[in-house]
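User: I am new to this one and would like a short tour. Could you take me through it?

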Amino acid sequence: MVDRPNKPAALASTPGLPPQPQVNISHDNSRVSAVLPTGESVDVLLFGATVISWKDRAGNEKLWLSDAAKLDGSKAVRGGIPLVFPVFGTAPDHAATSSLPQHGFARNSKWEFLGKSSSESSPSTSPSDASVKLDFGLSSATLDEKSKSLWPFTFSAIYSVTLTTEGLSTGIVVTNDGQEPFEFQTLLHTYLRIKDITKIEVTGLEDSEYIDKVDGAKTKSQSGAVTITGETDRVYTPAKGPSSPVIVSEGGSEIFSVLRDNLKEIVVWNPWTEKAAGMGDFEPKDGFKNMICIEAGSVRGWTALEPGDVFNGAQTISY
Ligand SMILES: O=P(O)(O)OC[C@H]1O[C@H](O)[C@H](O)[C@@H](O)[C@@H]1O
């Protein structure tokens, strides 16, 4: 069931049953927050539909957000989950997107909150199974004039953020509502919070081909687990396919698992010392020790959408 966003939070009452605690949603002009009855929470800025916080039931933050991140819409958010669309990085050789800013306009656009759907409406749902899906929309009709002039295609996008007691899923659905085909790239630029980058191992990318962006975009092959010992910026095409998760372990314990749905690549990024020092909105400067970006996306080559066609891509992060 889809509730109107303004509906006040209330206790669900089913005749004969005691009231169940409900998912608590609050929203204003700039952000939407949801808390499950068991305590897990998520905060999403309308600017970029950027997830800026995701906490487990004990209140532990799962995402890294820079202390200097701009949350006022003046710049893409440094941290959380910025949404990359319709271009990854810049594409000077791809005429249709060559004028767009780095990573496209989605992360710099104001999205509309379309509403929530949650499992709580069923009386048989116990609080420990509660979940909530928050939907956000952006389309050529709501895009600012500048972005529209740089990318004049007719499209609509729905970005859904689903919080469960097990994890967080984020997914984008893009529809070509126009009369001509267009091509795009998209990526979920997730900054995972970790304690110590030197103790991190990423598995699930063994034997996968990757483009090493810090070594002249050479194509290489991953042997064994990925460890981070310096600036890292790699576009992996996982050899194992989407049903195998990418696992982040810290000190030998698995702390995150990332499953992809219809997203072919995984970008692994850590700016390390110098790059972090050069980013004005990256604070504290040694914050690179506490983050690793594991970014599910479709960014090698282009996804073409014919008029009327729909693309769906998503990730599920569990811990
Ligand atoms: O600084 P941003 O525009 O947010 O980009 C941050 C990073 O995003 C991705 O991970 C790219 O692979 C990197 O090359 C880039 O530096």
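Predicted model: local features only at pLDDT ≥ 70, side-chain atom pairs only at ≥ 80, totals over all residues.

User: Thanks. What does the secondary structure of the chain come to?

Analyst: The chain has 2 helices and 20 strands. Its radius of gyration is 20 Å, close to the 20 Å that the globule rule gives for 319 residues, so the chain is as compact as a globular protein of that length. The C-alpha trace spans about 65 × 50 × 35 Å along its principal axes.

User: And how much of the chain is buried?

Analyst: Buried residues account for 51% of the 319 residues. Of the contacts with a separation of 6 or more, 65% are between residues 24 or more positions apart.

User: What about charged side chains, how many are positive and how many negative?

Analyst: There are 29 positive and 39 negative side chains, and the centres of the two sets lie 4 Å apart.

User: Which strands are joined to S11?

Analyst: Strand S19, residues 291-305, runs antiparallel to S11 and is joined to it by 11 bridges. Within that pairing, histidine 189 stands opposite glutamate 295 of S19. Strand S6, residues 83-84, is also antiparallel to S11, with 2 bridges between them. There, valine 84 has leucine 187 of S11 as its bridge partner.

User: Now the backbone. Where are the cis peptide bonds?

Analyst: One joins phenylalanine 85 to proline 86, with omega near 5°. Proline 86 sits in the loop between S6 and strand S7. Another links glutamate 283 and proline 284, where omega is about -10°. The loop between helix H2 and S19 holds proline 284.

User: Why point these out?

Analyst: Most peptide bonds are trans, and most residues other than glycine have a negative phi.

User: Which residues have a positive phi, then, without being glycine?

Analyst: Aspartate 207 is one of them, with phi of about 60°. Asparagine 262 is another, its phi being near 60°.

User: Where do they lie, and are they buried or exposed?

Analyst: Aspartate 207 belongs to the loop between strands S12 and S13. Its relative accessibility is 59%, so aspartate 207 counts as exposed. Asparagine 262 lies in the loop between strands S17 and S18. At 44% relative accessibility, asparagine 262 counts as partly exposed.

Definitions and conventions
Residues numbered from 1 in each chain as written. Heavy atoms only, no water. Pairing = 2+ DSSP bridges. Helix = DSSP H or I, 4+ residues; strand = E, 2+ residues; numbered from the N terminus. Rg over C-alpha atoms; globule rule 2.2 N^0.38 Å. Buried < 20%, exposed > 50% of the residue type's maximum accessible area, 1.4 Å probe, protein only. Contact = heavy atoms within 4.5 Å. Lys, Arg positive; Asp, Glu negative; His and termini not counted. Charge placed at Lys NZ, Arg CZ, Asp CG, Glu CD.
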